[in-house]
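Good morning, and thank you for coming.

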Amino acid sequence: MNVELNTYSNNTIKILAISGEMNANTSSEVDNRLTNLIMGGNKKLIVNLAGLNYISSAGLRVFLSANKLIKKQNGELRISNLNDLVKEVFEISGFTMIFSIYSDEKDALKDF
Amino acid sequence: MHYIISNNLNEISKIQQHFNTQSEKLEIDVRWIRKMNIVIDEILSNIIKYAYEEENKYKIEVIIEYFNKSKARLIFIDEGKFFNPLNYSHKKAIKNVENLEEGGLGIHLVVNLVNNIEYKRNSDKNHLYVEMIFD
């Protein structure tokens, strides 16, 4: 079970596309990347989860941590492209009330 | 089907793989397979992280009591310290998820992903029973 990360930009907005699985073993890699992006000065960050097919609580915590960190930097994190299972996990855990979630990357980029 | 693993996070995938293999034979929809993988992941992660003091020294039993096209029931047995995951206050969890204790979020997911969950302490062992209905 692996995770793949792809970082790219759209003007001043940084986008991190995550594919594969976020579990106890793979989530630290995502955590490190998000932390580096945020501490590197990126205040507008979109996480595109189109390729993510599995997330456990370890993965959820990574997003929670990143959200707290970017807010401290006066930035914003948006999440897009959740598949049905990931969306259900977000809903069960109450994360849909914490995060700004968009149906796709294009929507997340609007007015950002 | 009865499996025994060591209390090591890397062992979790073995149980998931066994379950996935059976699921494919039964042609279970992939969304149920992924949900059960999360349940297995969360329960075993909790046991491995909190039930024992030392890693790789203890055994955890996983029994697939029944598994057919309509439902599956798994039993997780460990000899660790008493721990009833159902004692976590799930109703409060969703309101205070940002401050949820580590492990609480995982249990919250499990309780909401399965149809039935039951805990028993027998012979100094924790027994956690979970049932998922594929509807």
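**Salt bridges and cores**

D29(B) is partly exposed, with a relative accessible area of 41%; here buried means under 20% relative accessible area, exposed over 50%, and partly exposed in between, with a 1.4 Å probe and protein chains only. This is a predicted model, in which local features need pLDDT of at least 70, side-chain atom pairs count only at pLDDT 80 or more, and totals for chains, interfaces and linings use all residues. Residues are numbered from 1 along each chain as its sequence is written, chains are lettered from A and ligands numbered from 1 in the order in which they are written, and side-chain values use heavy atoms, leaving out hydrogens and water.

D29(B) pairs with R31(B) in a salt bridge, their closest N and O atoms 3.6 Å apart; the term requires a side-chain nitrogen of Lys or Arg within 4 Å of a carboxyl oxygen of Asp or Glu. R31(B) is likewise partly exposed, at 44%. Over all chains, the search of the whole structure finds 10 salt bridges.

Another of these links E88(A) to K35(B), at 3.0 Å between the closest N and O atoms. This pair crosses between chains, from helix α3 (residues 84-93) of chain A to helix α2 of chain B; helices are DSSP runs of H or I, at least four residues, numbered from the N terminus. K35(B) is buried at 8% relative accessibility, whereas E88(A) is partly exposed at 25%.

Turning to the cores, the largest nonpolar core has 68 residues, being buried Ala, Val, Leu, Ile, Met, Phe, Trp, Tyr and Cys joined through side-chain atoms within 4.5 Å. Helix α2 (residues 30-50) of chain B gives the most to this core, 10 residues.

Methods
Helix = DSSP H or I, 4+ residues; strand = E, 2+ residues; numbered from the N terminus.
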